[in-house]
Amino acid sequence: MTGERKVLVVGLGIAGMATAARLADLGWTVVIVERALRRRTGGYFIGLFRPAEQAADRLGVLSTLHLRTPSVHGSWSVDRRGRRRSTVGFLDQPGHPDGVLRGDIEQALWESIAPRVEVRFGTDPLAIWQGPNAAKVTLQNKQAATTYDEYFDLVVGADGLRSTVRRLVFGPDEDYLRPFHTIVCALSLSHQVTGYDAHDQIMVVEPRRALWVFPFRDHPPTALLTYRTRDPGADFRRNHREVLTTRFTGLEAGGIVPEVVDELRAQPGALFDSVHQVVMRRWHQGRVVLIGDAAWCLTLFSGMGAGSALIGAVALGDALERHPDSHPQALRSWQRHMRPLIHRHRRLAHLKAQFFVPSNPLIAALRRALLRLARPRTPARR
């Protein structure tokens, strides 16, 4: 681990680009491989809390990160008949997160790494072999239909919930994925739903299904449709618009829900996925380390998925900087540092999931009572 150090980062998402930026700052030669043929843009709503913004500042991207938090917003809870009540929403919670699109974070990171990091699109790892002096990775370029071996001092798996690196080195997904028995569909809207101001937060929440609308300062809102199910796999065998139409039948909320579901016709890239956490005793083995969702997926409900990726990337670089001659010591130190944060937000994610989509009528009633206590004294704008 002395002299020139070369790292392979698998995945061009937030965790991968943040890790690449931090290690490039330390003088590492960084190669990123991404299975997609081009960089993804856009994406759903993300809330950035202060610790995540501090990590973005350490990475040198906070100043270029497009924050879209409305300066003034309303927050409405809407019942199935369309009656609205002033309430508190995601942007009103303690810590007052800033609202961004997922693509805003990725764009800021991309601008940071593009001049100094090699990125190979359409490329996947097929095998990883670890020796005493290096990790040999067999890579496949799908566009060129070529396979080749390359050697690295460190391999970082930043390739998401269903990580290829994790499967190759640590074992099958089922050993680590813990299901929430919940489906989420996140999409960008072309405009705010009818009858609401552009900067209104909207919540339509019932037992086992819910719709959330998140506003931005200078961009149409994004929506989150979520519901609980005992068999998430069955819904992936059907068209997701048909599934959501069926799941939300009878929940009109003054026309809000059908209007959002109808937007799916123009959203071929909408996220439709089951919700899982990743639970692992160790995030590293030899010269391979996992980061972000590949290591500890906290779920979209946690509000800390992107934030923990940024924080984890900075911390990984710090540990490697403190222990430049011993990657095992650096990775152990990094994991000890990150564990308390991840454990705390993993537990909180289960509570927050009940806030987003209650699992039964009793919890839904308790949620309503708590929100009434927290409701602002001054009514939200109409």
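In this tour, two residues are in contact when heavy atoms of theirs lie within 4.5 Å. The model is a predicted one, in which local features need pLDDT of at least 70 and side-chain atom pairs count only at pLDDT 80 or more, while totals for chains, interfaces and linings use all residues. Residues are numbered from 1 along each chain as its sequence is written, and side-chain values use heavy atoms, with hydrogens and water left out.

**The whole chain**

Begin by displaying the chain as a cartoon. It contains eleven helices and 18 strands; these are DSSP runs numbered from the N terminus, helices being H or I with at least four residues and strands being E with at least two. The radius of gyration is 21 Å, close to the 21 Å that the globule rule gives for 382 residues, so the chain is as compact as a globular protein of that length. This radius is taken over C-alpha atoms, and the globule rule is 2.2 Å times the number of residues to the power 0.38. Along the principal axes, the C-alpha atoms fill a box of roughly 65 × 40 × 35 Å.

Of the 382 residues, 57% count as buried. Buried means under 20% relative accessible area, exposed means over 50%, and partly exposed lies in between (1.4 Å probe, protein chains only). Among contacts in the chain with a separation of 6 or more, 71% are between residues 24 or more positions apart.

**Stop one: L244**

Select L244, which is found in helix α6 (residues 240-247). Is this residue buried or exposed? L244 is buried, because its relative accessible area is 0%. Its neighbours within four places in sequence set aside, L244 is in contact with C185, L225, Y227, L264 and F272. Next, draw a distance from L244 to I105: these residues are 139 positions apart along the chain, and their C-alpha atoms are separated by 29 Å.

**Stop two: T229 and R208**

Move to T229, in the loop between β15 (222-228) and α5 (232-235). With a relative accessible area of 5%, T229 is buried. Which residues does T229 touch, not counting those up to four places away in sequence? They are H181, T182, I183, R208 and R247. A polar atom of the T229 side chain also lies 3.2 Å from the backbone nitrogen of D231.

Now select R208, one of the residues that T229 touches. R208 is found in the loop between β13 (200-206) and β14 (209-214). R208 has a positive phi of about 80° although it is not a glycine. Its relative accessible area of 36% makes R208 partly exposed.

**Stop three: H96**

Select H96, which lies in the loop between β5 (84-86) and β6 (98-101). H96 is not a glycine, yet it has a positive phi of about 40°. At 56% relative accessibility, H96 counts as exposed.

**Stop four: Y148**

Finish at Y148, in strand β10 (residues 146-152). Y148 is partly exposed, with a relative accessible area of 26%. Beyond its neighbours within four places in sequence, Y148 is in contact with R120, T123, V137, T138 and L139. Show the side chains of Y148 and R120: they make a polar contact at 3.0 Å. A polar contact is a pair of N or O atoms within 3.5 Å; within protein, one must be able to donate a hydrogen and the other to accept it, and residues adjacent in sequence count only if both atoms are side-chain atoms.
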